[in-house]
Amino acid sequence: MTILRDARPEDAEALARLGRDSFCHAFEHLYRPEDLRPFLREVYSPEAVAQEIADPGIRHQLTQDAPGEPLSAFIKVKYESPYKEHSDARRPLCLGQLYTHPARTGEGLGAALMEWCLALARDRGCDAIQLSVYSENPGAQRFYQRYGFTKIADIGFWVGEQRDAEFLYELRL
């Protein structure tokens with residue numbers, strides 16, 4: 001049985017590690033070390049993650065097999081979407097990250113977290129969910145398309161001085 005729960009302050013270090021490890025597993029090969037190192041410090045340091053956990057505009061939902069067990073996946077949502085100018089949605093929620101431990105991919109953890117996100121957005125009265133996905137990540141694109149997300153714009157994602165081509169996806173609720 002998988003436990004889904006909100007992140008707590010004491011989860012910052014483990015959550016930062018899972019985010020960093022998952023990001024690096026998928027994308028580290030794309031970046032020069034001098035671009036990647038400061039990005040990882042800015043986004044996946046325990047301090048940065050602790051600030052997000054404390055931020056009332058951001059929510060992390062975690063999965064783990066049992067209390068005290070390592071985290072297996074997480075989703076981060078922002079109640080105020082930074083992408084709202086790309087759409088006429090009035091109350092879009094932003095799905096900021098959805099990562100599964102690399103050894104746990106394919107176990108349904110991402111699906112459980114996506115279902116949680118959909119329910120949260122509906123409960124909050126959101127009319128859309130927006131997210132960015134790497135343009136060369138067809139597996140992630142197929143995952144989101146299964147839920148009805150469609151591409152609405154081409155955007156960029158910066159890691160240091162490198163700009164990645166990203167697709168902005170949206171699901172209307």
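Which residues are exposed on the other side of helix 3? I looked up Glu47, Gln51 and Ala54, and they are exposed there (over 50% relative accessible area, with a 1.4 Å probe and protein chains only).

I note that this is a predicted model, where local features need pLDDT of at least 70, side-chain atom pairs count only at pLDDT 80 or more, and totals for chains, interfaces and linings use all residues. Residues are numbered from 1 along each chain, and side-chain values use heavy atoms, without hydrogens and water.

**Helix 3**

I then checked the buried residues (under 20%; partly exposed is in between). In helix 3, residues 46–54, they are Ala48, Val49, Glu52 and Ile53. They share one side of helix 3 because they cover an arc of only 140 degrees around the axis, taken from the directions from the axis to the C-beta atoms. Helices (H or I, at least four residues) and strands (E, at least two) are DSSP runs, numbered from the N terminus. I found the buried residues packing against helix 1 (12–27), helix 2 (33–44), strand 2 (58–64) and strand 3 (71–78). Contact means heavy atoms within 4.5 Å.

**Largest cavity**

I looked next at the largest cavity. On a 1 Å grid over the protein atoms alone, a cavity is a set of points where a 1.4 Å probe fits but cannot get out; lining residues have an atom within 4 Å of a point. Val49 and Glu52 are among the lining residues, as are His60 and Phe74. Helix 1, helix 2, helix 3 and strand 3 each give two or more residues to this lining.

Technical notes. On a 1 Å grid over the protein atoms alone, a cavity is a set of points where a 1.4 Å probe fits but cannot get out, and a pocket is an open set with protein on both sides within 12 Å along at least five of seven lines; lining residues have an atom within 4 Å of a point.
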